[in-house]
Amino acid sequence: MNFRPLHDRILVRRIEAEERTAGGVIIPDTAKEKPQEGEVIAVGPGARDDSGAVQPLEVKVGDRILFGKWSGTEIRLEGEDLLIMKESDVMGVLEAGVAARKAA
């Protein structure tokens with residue numbers, strides 16, 4: 001993909017939530033909420049501080065992140081729905097152990 005975010009922006013692919021509840025009930029598409037978890041696809045170089053120095057971002061490509069329900073701007077690139085958001089919209093990074101347990 002030929003897209004590079006600017007400043008402190010990141011490009012995120014939403015990770016779809018489970019289609020079943022823990023009790024086995026299937027959730028129809030009309031009742032699903034937008035996922036608040038995603039994978040970072042691309043990051044900008046970082047924001048500039050008061051002295052003009054670039055502060056690198058804490059998130060990196062491949063990180064699984066949590067963000068607010070209304071965070072970011074939805075865009076469509078190469079037929080895929082993605083989000084562009086500022087790093088400040090990210091609430092946290094899921095560590096590998098947490099992500100693996102969630103997938104199981």
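Does Asp 8 count as buried or exposed, and at what relative accessibility? Asp 8 counts as buried, at 15% relative accessibility. Here "buried" means under 20% relative accessible area, "exposed" means over 50%, and "partly exposed" is in between (1.4 Å probe, protein chains only).

Before going further, a word on what you're looking at. This is a predicted model, so local features need pLDDT of at least 70 and side-chain atom pairs count only at pLDDT 80 or more, while totals for chains, interfaces and linings use all residues. Residues are numbered from 1 along each chain as its sequence is written, and side-chain values use heavy atoms, with hydrogens and water left out.

**The overall picture**

The protein has one helix and eight strands. Helices (H or I, at least four residues) and strands (E, at least two) are DSSP runs, numbered from the N terminus. Read from that end, the order of elements is β-β-β-β-β-β-β-β-α.

How confident is the predictor? Its score is pLDDT, the confidence in each residue, running from 0 to 100. The protein averages 81, and 73% of the residues score at least 70.

Of the 104 residues, 25% count as buried. The accessible surface comes to about 7300 Å², and 52% of that belongs to carbon and sulfur atoms. Those areas come from the Shrake-Rupley method with a 1.4 Å probe; for residues, only the protein chains shown count as cover.

Now for contacts, meaning heavy atoms within 4.5 Å. Among contacts between residues at least 6 apart in sequence, 63% join residues at least 24 apart.

**Back to Asp 8**

You'll find Asp 8 in the segment before β1 (9-14). Leaving aside residues up to four places away in sequence, Asp 8 touches Gly 46, Ala 47, Leu 57, Met 85, Lys 86 and Glu 87. Glu 87 also turns up when you look at Leu 11, which sits in strand β1: the C-alpha atoms of Leu 11 and Glu 87 are separated by 9.8 Å, although the two residues are 76 apart along the chain. Leu 11 is buried, with 0% relative accessibility.

**Salt bridges**

Side chains of opposite charge can pair when their charged atoms come close. A salt bridge is a side-chain nitrogen of Lys or Arg within 4 Å of a carboxyl oxygen of Asp or Glu.

| Lys or Arg | Asp or Glu | N to O distance |
|---|---|---|
| Lys 86 | Asp 8 | 3.8 Å |
| Arg 13 | Glu 80 | 2.4 Å |
| Lys 60 | Asp 63 | 3.2 Å |

Take Lys 86 and Asp 8, whose salt bridge has its closest N and O atoms 3.8 Å apart. This pair links distant parts of the chain, 78 residues apart: Lys 86 is in strand β7 (residues 80-86) and Asp 8 is in the segment before β1. Lys 86 is partly exposed, with a relative accessible area of 35%.

Next come Arg 13 and Glu 80, whose side chains meet in a salt bridge. They too link distant parts of the chain, with Arg 13 in strand β1 and Glu 80 in strand β7, 67 residues apart. Arg 13 is partly exposed at 29% relative accessibility, and Glu 80 is partly exposed at 24%.

Finally, Lys 60 forms a salt bridge with Asp 63. Lys 60 counts as exposed at 51% relative accessibility, whereas Asp 63 counts as buried at 10%. Elsewhere, salt bridges that share partners join Arg 13, Glu 39 and Glu 80 into one network.

Notes
pLDDT = per-residue confidence, 0-100.
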